[in-house]
Amino acid sequence: MSIKTATLNGVATIEIARPEKKNALTVAMYQAMADALAAAREDAAVRAVLITGQPGIFTSGNDIEDFMKRGTGGEGAGSDALDSPVFRFMRALLDCDKPVVAAVTGAAIGIGTTMLLHCDFAYVSDEARLAMPFVALGLVPEFGSSLVVPQLMGHRRAAEKLLLGDPFTPEQAVECGIANAVLPAAEVVGHARRVAERFNQLPPGAVREAKRLLRGPQREQMLQVIRTEGEGFTRRLKSPEAMEAFQAFFQKRKPDFSRF
Ligand code: COA
């Protein structure tokens, strides 16, 4: 299975493990992560959740082959898309009332970066690169990024990240508030785990209530933005622009948008 889960010393770990495809996330993997988050929420022995990847890669984002299937009417397409596994994962991360710590072990592309906006802590390897290249793929920002990224860094820098899709360094991620700290690649998982384990010493009821307060004021707006983004995203998956971008990726060439 490409999602490995384990609970040890109060920490439920969700490990993305599909290194041969750079940890690209399939429909089944989103579902497995949604289930793991729900299970962690229910398990009284779990005090925090750790999301991690593989050495050198956190995740290359949504599996582009799955994008093509959704765009051509395959799994996850159509009017039920807001109930698809990717949205179930988004909802489970938003609904997780226990602290979520991300260990960004390497490149974090697309949802690899946007999921960090919904984790409580993010520690990033000094070898990582982050990017949200939705527009370059013929798509639009997702997972609340069109709301949170401008709030974090202002419109101009958000436009660099979300319209141009410029990659950014771990240091820049810390500077703009997406990540807590940059660590040497070999230390990032251990450090993130130690932060997660600190919740074993804290009162879990107070932690849960405090997290709900921190997230509360923006929650309804966030859900609405995620729904609106999701409708546009699902529609754009079917667009000729997106198809050109996906085909170009697999043909290992630059996309040609000159005819649009
Ligand atoms: N979906 C499906 N397959 C993916 C993938 C993705 N998101 N990312 C990587 N892969 C596959 C490649 O097709 C390749 O498969 P192959 O060995 O069968 O040819 C394999 O994983 C290795 O990827 P490759 O691009 O050769 O690795 P790299 O080290 O040169 O680059 C990345 C790594 C992450 C920078 C690059 O793979 C990438 O840009 N991926 C796409 C990111 C993206 O646009 N995601 C969607 C965001 S919305």
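The model is predicted, so local features need pLDDT of at least 70 and side-chain atom pairs count only at pLDDT 80 or more, while totals for chains, interfaces and linings use all residues. Numbering starts from 1 along each chain as its sequence is written, and side-chain values use heavy atoms, without hydrogens and water.

Select the ligand with the 15 residues around it, of which K21, S60, N62, I64 and K252 come nearest (near: a heavy atom within 4 Å). This shell divides into seven nonpolar, three polar and five charged residues (nonpolar: Ala, Val, Leu, Ile, Met, Phe, Trp, Tyr, Cys and Pro; charged: Asp, Glu, Lys and Arg; polar: the others, Gly among them).

Next, display K21, where a side-chain N or O atom is 2.7 Å from a ligand oxygen, and then I64, where a polar backbone atom is 2.8 Å from a ligand nitrogen.

Move on to helices α5 (residues 145–162) and α9 (residues 219–237), which pack at about 120 degrees with axes 8 Å apart; the axes are lines fitted to C-alpha atoms over the stretch in contact, and angles run from 0 to 180 degrees between N-to-C directions. Finally, select S145, S146, L147 and V148 in α5, which meet Q221, M222, V225 and E229 in α9 (contact: heavy atoms within 4.5 Å).

Note on methods: Helices (H or I, at least four residues) and strands (E, at least two) are DSSP runs, numbered from the N terminus. A polar contact is a pair of N or O atoms within 3.5 Å; within protein, one must be able to donate a hydrogen and the other to accept it, and residues adjacent in sequence count only if both atoms are side-chain atoms.
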